[in-house]
Amino acid sequence: MATALDMDRVFAALADATRRDIVVRAIAGGEGVAELASHYPMSFAAVQKHVAVLERAGVVTKQRFGRRKVVRTDIEGLRVAQRLLDRYEELWRGRIDRMTVLIQDIRDTKEAKP
Amino acid sequence: MTVTAVEKHPDTLSMTITAEFEAPPERVWQLWADPRQLERWWGPPIYPATVDSHDLRPGGRVEYHMTGPEGDQPRGYWDIVMADPPRSLVFRDGFANEDGTPNTDLPDTESRVTIEQVGDGRTRMSLESVFPSAEAMEQILAMGVEDGFKQAIGQIDAILAEDQVAQA
């Protein structure tokens with residue numbers, strides 16, 4: 001289980017559009033930092049920094065393939081975000097259930113009146 | 001099933017939940033616009049909500065508190081961004097200090113409610129929430145988590161009941 005600190009890191013890491021794009025590209029896991037950097041109008045160093053933020057959050061990992069190091073998305077990191085959203089969904093499902101009961105209750109009361 | 005669709009986007013930290021009700025849009029709007037009705041659904045059963053002030057006009061504010069089983073009273077507020085009865089409501093949902101003033105240390109959540117008639121006395125309501133951070137989400141869930149807890153207990157009870165039947 002991830003800790004609250006991990007979650008904050010995951011969300012902070014995903015709060016940036018470039019980093020989200022890197023996460024999507026790194027699902028395929030075939031590119032190193034240099035190749036990733038070629039997709040963006042920014043320096044290699046800037047992209048390297050973004051990758052480092054994602055790495056610290058556990059969203060991506062660097063894996064060695066022979067002489068190359070590729071950046072690969074760690075799906076588990078995204079699952080943490082998914083789990084939080086799952087819990088939020090439950091909160092709203094509870095609220096909507098209560099709304100439904102409330103609409104039904106008030107209609108029943110009105111119909112019961114002569 | 002009242003809830004008809006749920007869309008979750010972990011990458012942008014947003015969720016849209018859609019539900020349908022057997023009632024006209026005006027009736028569904030009342031769930032938000034009438035503070036006495038609002039407090040019957042906003043809080044989970046063991047954290048009931050009390051609405052302290054309620055102004056659902058653009059620029060207005062709704063203030064509420066919840067009462068927990070230990071007597072704890074977390075407070076929250078909505079800042080109304082847009083209100084178009086009975087069709088739509090946009091508000092920022094935040095946490096308040098004990099004196100009711102907004103707690104600016106915690107980020108708020110933007111929620112957009114859309115209500116539309118789908119024919120034959122049915123109404124579709126969708127709610128889109130966008131979270132600025134995990135911190136906001138954790139806080140919101142801390143207030144609503146009791147629901148999940150109760151459900152978990154219900155599930156345990158169901159499993160125990162099944163076991164007893166199996167043993168009999």
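Which residue takes a positive phi just after α4(A)? In this predicted model, A:G58 does so, with a phi of about 80 degrees. Local features need pLDDT of at least 70, side-chain atom pairs count only at pLDDT 80 or more, and totals for chains, interfaces and linings use all residues of the predicted model. Residues are numbered from 1 along each chain as its sequence is written, and chains are lettered from A and ligands numbered from 1 in the order in which they are written.

**View 1. Helix α4 of chain A, residues 44-56.** Helices are DSSP runs (H or I, at least four residues), numbered from the N terminus. The 13 residues of α4(A) reach 18 Å from first C-alpha to last, close to the 18 Å expected (1.5 Å times one less than the number of residues).

**View 2. Buried and exposed residues of α4(A).** Buried here are A:V47, A:H50, A:V51 and A:L54 (20 or more other C-beta atoms within 10 Å of the residue's own, C-beta atoms being placed from the backbone). They lie on the same side of α4(A), because they cover an arc of only 95 degrees around the axis (taken from the directions from the helix axis to the C-beta atoms). A:A45 and A:R56, on the other side, are exposed (12 or fewer such atoms).

**View 3. The crossing of α2(A), residues 17-25, with α4(A).** The two axes come within 10 Å and cross at roughly 70 degrees (lines fitted to C-alpha atoms over the stretch in contact, with angles from 0 to 180 degrees between N-to-C directions). The helices α2(A) and α4(A) are therefore roughly perpendicular (65 to 115 degrees). A:T18, A:R19, A:I22 and A:V23 of α2(A) make the contact with A:H50, A:V51, A:V53 and A:L54 of α4(A) (C-beta atoms within 7 Å).

Terms used: Helices (H or I, at least four residues) and strands (E, at least two) are DSSP runs, numbered from the N terminus. Angles under 35 degrees count as roughly parallel, over 145 as roughly antiparallel, 65 to 115 as roughly perpendicular and the rest as oblique. Two residues are in contact if their C-beta atoms, placed from the backbone, lie within 7 Å.
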